[in-house]
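These are my notes on one structure, kept in the order I looked things up.

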Amino acid sequence: MSIYKEILHKKRTLNFFREIRKWGSDSISFLIYRMKWNLVAKHDYVTKFPLHLDIETTESCNLKCIMCVHGIDGVPNTGMIDVGFAKSLIDQASDGGTKSIKFNWRGEPALHKGLEELVAYAKHKGILEVQINTNGIPFTEKRIRTLIESGIDRVIFSMDGASKETYEKIRVGAKYENLIRNIRIFRKIRDELNLSKPLFRIQMVRMSTNDHELDSFIEMWKDIVDDISIKDVTDRGQGGELYVGDKVAIGRRRCNQPWQRMIVSREGNVYPCCSDWHESYPIGNAHKNKLSEIWMGSQMERLREINRKKELNSYDPCKNCIVLSSYDWKKR
């Protein structure tokens with residue numbers, strides 16, 4: 001049995017150590033944070049507040065990707081998070097010792113006009129790593145500059161194909177040329193400002209429709225971004241039709257997320273991990289309870305106990321988890 005490992009696993013490990021020096025005066029703090037990230041789960045240690053907090057700026061998305069809920073069933077209830085409420089979450093995270101915040105969960109953060117303000121506020125409050133996942137399409141050059149100047153530490157672009165035909169077939173509604181242009185603008189402005197950050201990662205979901213473009217994908221981005229991530233597709237409602245099929249899950253293993261992170265939805269509902277897209281296991285509401293209380297509460301502890309006993313296949317949301325590292329894998 002073996003835990004799931006991404007393509008480029010060794011290369012990405014090397015990239016991590018290369019990244020450390022780009023954090024400048026924060027290098028030691030960042031390294032300690034990442035060490036804690038791995039150690040808290042391994043040694044079953046519950047910190048007083050999660051090391052990482054996902055704050056969902058919106059459930060809305062401008063695309064309808066074929067492997068995503070937005071492209072399969074749609075997301076009926078969408079809106080934009082209140083900036084004041086989001087800042088109150090950042091305040092709690094800062095006071096609690098959170099080291100990392102990502103401003104999205106199920107939607108496209110660039111659709112929120114207050115994104116740059118929230119990034120700047122989080123950096124002002126001392127959050128070490130502030131980041132987003134984005135499809136990269138909604139940005140203008142002006143917004144890209146403002147976002148970089150706000151102090152964002154990491155931008156993760158999603159692009160599931162090396163060619164225009166493959167990319168636009170998967171990411172329905174996107175324009176290949178627009179994404180290429182925007183990523184290059186991000187890099188150009190960072191270089192113009194002589195900054196080491198934000199760090200840029202580009203990621204690809206490997207599936208039957210794009211597996212043939214892995215090598216060309218890596219080649220086209222290796223000199224432009226800091227990190228390239230390629231993960232296998234997970235089932236978010238489309239079934240197994242997109243799987244490449246060269247690996248098979250043969251068992252479950254303890255998931256790290258209940259010891260590392262927590263998610264706050266746009267409406268304020270709190271969830272224990274990033275895989276609960278269908279909101280099957282709410283553990284509290286941030287409008288009613290402090291995040292620290294939810295983190296240390298009975299529902300979160302129950303989920304940790306499920307993981308300790310490796311009874312993941314018996315309970316929601318774990319039994320339908322899309323986090324690949326919570327399974328044991330073998331090659332066919």
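**Entry 1: a loop residue**

I looked up Asp211 and found it in the loop between strand 6 and helix 9 (214–221). Helices (H or I, at least four residues) and strands (E, at least two) are DSSP runs, numbered from the N terminus. The model is predicted, so I note that local features need pLDDT of at least 70 and side-chain atom pairs count only at pLDDT 80 or more, while totals for chains, interfaces and linings use all residues. Residues are numbered from 1 along each chain as its sequence is written, and side-chain values use heavy atoms, with hydrogens and water left out.

Asp211 is partly exposed, with a relative accessible area of 28%. For this term, buried means under 20% relative accessible area, exposed over 50%, and partly exposed in between, with a 1.4 Å probe and protein chains only. Which residues is Asp211 in contact with, leaving aside its neighbours within four places in sequence? I found Arg206 and Val244; contact means heavy atoms within 4.5 Å. I also checked Ser275, which is 64 residues from Asp211 along the chain; their C-alpha atoms are separated by 23 Å.

I traced an open sheet of nine strands in the order 7-6-5-4-3-2-9-10-11, with mixed pairing. Its edge strands are strand 7 (227–232) and strand 11, each pairing on one side only. Two strands pair if DSSP finds at least two bridges between them. Strands of a sheet pair through backbone hydrogen bonds, either parallel or antiparallel.

Strand 4 and strand 5 pair in the parallel sense over four bridges. There I found Ile132 with Val155 of strand 5 as its bridge partner. Strand 10 and strand 11 are antiparallel, over two bridges, and Asn269 stands opposite Asn285 in strand 11.

Is strand 5 (residues 154–158) buried or exposed? Five of its five residues are buried. Arg154, Ile156 and Ser158 are on one side and Val155 and Phe157 on the other, so I count both faces as covered by the cut-off for buried.

**Entry 2: helix 6**

In helix 6 (residues 141–149), I found Arg143, Ile144, Leu147 and Ile148 buried. Seen down the helix axis, these buried residues fall within an arc of 135°, so they line one face of helix 6. The arc is that of the directions from the helix axis to the C-beta atoms. The buried residues pack against helix 5 (115–124), strand 4 (129–134) and helix 8. On the face turned away from the buried side I noted the exposed residues Lys142 and Glu149. Just after helix 6, Gly151 takes a positive phi of about 105°.

**Entry 3: backbone exceptions**

Most residues other than glycine have a negative phi, and most peptide bonds are trans. I listed the exceptions I looked up.

- Asn194 has a positive phi of about 55° although it is not a glycine; Asn194 is found in the loop between helix 8 and strand 6 and is exposed, with a relative accessible area of 70%.
- Pro198 is found in the loop between helix 8 (176–192) and strand 6 (199–206), and a cis peptide bond with omega of about 10° joins Lys197 and Pro198.
- Glu279 has a positive phi near 55°; Glu279 is in the loop between strand 10 (269–271) and strand 11 (284–285) and is partly exposed, at 28% relative accessible area.

**Entry 4: a cavity and a pocket**

On a 1 Å grid over the protein atoms alone, a cavity is a set of points where a 1.4 Å probe fits but cannot get out, and a pocket is an open set with protein on both sides within 12 Å along at least five of seven lines; lining residues have an atom within 4 Å of a point. Grid points are joined across faces, edges and corners, and a volume is the space filled by probe spheres set on the points.

How many cavities of 30 Å³ or more are there? I count one cavity by this rule. The largest cavity has a volume of about 80 Å³. Of its 14 lining residues, the closest to the centre are Cys255, Cys273, Asn307, Cys318 and Cys321. Helix 10 (257–260) and helix 12 (298–308) are the elements that give two or more residues to this lining.

The second largest pocket holds about 350 Å³ of space. Of the 20 residues that line this pocket, Val233, Thr234, Tyr243, Leu324 and Trp329 are the closest to its centre. Strand 8 gives the largest share of the lining, three residues.
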